[in-house]
Every structure is written in C-alpha cells, then in structure tokens.
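Student: Could we go through a few local features of this model together? I would like to begin with strand pairing and then move to a helix.

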Amino acid sequence: MKTHLTLSKQEQEPYLIGDSKVVEQFLKSSPRKSPFPGDVLANHIHLLLELHPAVTLKFRGVKLADLDTQTKQSLLDDINAVLGIRPMKGR
Amino acid sequence: MALLPDKVSLLDVSSGRNVSAKIIELTPGLARTHIDRIWWHDFDARLPEKFPEDRNWPWAMLAARAEGSQDFICIGMNIVGTKEICGAMLYQTGAASFFNPTDLANEVMLLATPPTSRGLVPANLGYRGVGSALLLQATAHSYIRGLGGRVVLRAISKERTIQFYRNRGFDSHSTESDGKIRMELRPESAQSWLQKEGLV
C-alpha cells in the first residue's frame with residue numbers, strides 16, 4: 001500500500017474523526033465478543049455468514065473451529081466467489 | 001489483521017523520506033504507553049488554551065473495550081522497528097448506510113493522529129499518509145466483509161479535509177446539529193479507490 005502516492009501536497013488528509021460523545025457511548029456499551037477467540041479465519045467466515053444470510057452452509061456435525069486452516073481458507077474462497085469478493089492483493 | 005494488507009509507506013515530514021509502517025491491532029498496553037502517555041504529553045505548554053477535543057480520549061480504555069469484539073476494531077499505525085504509534089482508529093462493521101439504512105457499512109467512529117502530524121506544533125514533524133491509510137483500511141475491511149467497501153463517517157467541517165474525502169469518492173449526506181457532515185463512500189467509489197491503491 002503506497003498511500004502517500006495518491007496524496008497530493010495540497011490535500012489535507014483526515015487527522016481527527018469523532019467526538020467525546022462517541023467515546024463515552026462506546027465505553028458504556030458492551031460489544032459482543034467474537035465466537036472463536038484468536039481464530040481470524042473462523043471469525044471472518046462466521047461474520048460473513050451473519051452479514052449475508054442468503055449464503056448458507058451445512059456443516060453436517062462438524063464445527064467451524066475444528067476445521068484445519070486449509071479447509072477454512074477453501075471455504076472462505078468459495079464464500080468470496082459467491083459474494084463476488086476478489087482476493088485482496090499485498091497481504 | 002492477516003486478512004488485509006498491513007504494510008504502509010508513509011512520508012516522514014522531517015526527513016522527506018519514506019518510512020515503513022504497519023497497521024496493527026491496538027492493545028490496551030500499547031495504547032496506554034505509546035498514545036495516552038506520549039502524544040499530548042510534551043506539547044501541553046505549547047498548545048492553545050482550548051485543547052483539541054481528542055486531547056483526553058482514553059485510547060487504552062477504547063482498545064480494551066474493542067479487544068476480542070466481533071463488530072468493533074481498534075487499530076493503530078506503528079512505525080516499523082519502533083514502538084511509535086502515529087495514528088489510531090476505532091471502527092464498526094455492520095453500521096447502517098446514511099443513504100439507504102438497509103445497506104450495511106463500516107463506520108469510522110474515531111480517528112486521531114498525534115499533534116505533530118496535524119500542524120499543532122510549529123515544526124516539520126510527523127508523517128503524511130496516516131489518516132489516508134487508516135481510512136483505506138476501513139474501506140478494505142468493508143470490502144472483504146462483503147459490504148462493497150461502503151464506509152460512513154461524520155467529518156469535521158473543514159473545507160480542505162472535505163475535499164480530501166470528495167477526491168476519494170465520498171458523498172455528503174447531511175449536516176448534523178454540531179456541524180459535522182455525514183459522508184459516505186459508496187461501493188463503486190470504494191472499489192475504484194481500492195483499485196487505485198493496488199489492493200484489488
């Protein structure tokens with residue numbers, strides 16, 4: 001990512017967004033926790049399925065967290081293909 | 001953040017050279033020692049009487065609240081090879097679009113950089129590219145979560161910053177009672193920006 005290349009000298013990029021009200025409200029809130037602590041792929045797949053209820057999976061008694069990394073990656077590739085999400089470059 | 005590119009090249013204003021930086025998940029410990037106790041500490045005496053609003057934002061507490069959350073992400077920009085944090089952002093996945101509330105977006109709730117990077121101290125210090133890269137990260141995250149790259153935020157009403165958003169395809173929606181402008185990056189513009197930066 002070469003972000004400075006698309007930032008001209010005249011441009012003022014954002015240095016501050018939000019206000020103290022947002023801070024207060026967020027600190028009072030109770031964000032729900034990720035269902036698979038420390039498992040980035042499983043959490044991502046879980047959230048994709050939640051955000052896009054039209055995409056459904058049948059696990060046939062197997063738990064998402066129990067799948068190996070390669071299987072989870074294949075599953076994610078399939079879901080991405082269905083949703084039209086292209087792979088991110090440079091990661 | 002393994003699902004997203006995390007390496008960034010920033011411009012070090014004092015040397016005029018590029019430096020490598022990395023977008024990291026902000027832990028409460030790092031936020032406490034490298035934002036809350038550092039960013040404003042050395043500049044208090046030199047700042048105007050009315051401090052900027054984020055002077056007392058407790059990033060360590062914010063990072064603690066977001067830690068392990070499914071919907072809120074707190075990230076920081078770290079200069080590689082150091083523990084320096086030169087920017088921080090809190091955003092939410094699954095917020096509502098301003099234009100069509102049934103569409104989902106990533107909402108940038110808070111973003112801040114140290115006073116050195118925003119002209120509050122009379123020296124050529126800080127880095128350029130931090131705010132842009134953090135915003136781009138929220139856009140990329142929206143894209144990989146199938147939200148098309150849609151991002152919403154409430155912008156401070158400063159003409160040059162608003163122009164920055166417009167240059168990247170953000171549309172103004174409305175003005176809130178405190179003067180902040182609701183802005184939204186819609187999928188077509190988001191993907192055009194991601195392409196321009198070589199991410200998709």
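Student: Which residue is the bridge partner of B:Arg154 in E9(B)?

Tutor: In this predicted model, B:Arg154 has B:Arg182 as its bridge partner in E9(B). B:Arg182 is also the bridge partner of B:Ser174.

Student: How many bridges join strand E7 of chain B to E9(B)?

Tutor: Five bridges join E7(B), residues 151-155, to E9(B), and the two strands run antiparallel. Strand E8 of chain B, residues 170-175, also pairs with E9(B) in the antiparallel sense, over five bridges.

Student: And what about the hairpin of E8(B) and E9(B), which residue there takes a positive phi?

Tutor: That is B:Gly179, with a phi near 95°; the hairpin has five residues between the strands.

Student: Why is E9(B) described as largely enclosed?

Tutor: Four of its five residues, 181-185, are buried, so E9(B) is largely enclosed by the rest of the structure.

Student: Changing topic: which residues of H3(A) are buried?

Tutor: They are A:Lys72, A:Leu75, A:Leu76, A:Ile79 and A:Asn80. Seen down the axis of H3(A), the buried residues fall within an arc of 140°, so they line one face of the helix. They pack against helix H2 (40-51) of chain A.

Student: What does the face turned away from that buried side carry?

Tutor: It carries the exposed residues A:Gln70, A:Asp78 and A:Ala81.

Student: And what is found at the start of H3(A)?

Tutor: A side-chain oxygen of A:Asp68 reaches to within 3.1 Å of the backbone nitrogen of A:Gln70. Just after H3(A), A:Gly84 takes a positive phi of about 75°.

Terms used: Residues numbered from 1 in each chain as written. Chains lettered and ligands numbered in written order. Predicted model: local features only at pLDDT ≥ 70, side-chain atom pairs only at ≥ 80, totals over all residues. Heavy atoms only, no water. Buried < 20%, exposed > 50% of the residue type's maximum accessible area, 1.4 Å probe, protein only. Pairing = 2+ DSSP bridges. Arc of directions from axis to C-beta. Contact = heavy atoms within 4.5 Å. Polar contact = N/O pair within 3.5 Å; in protein donor to acceptor, adjacent residues only side chain to side chain.
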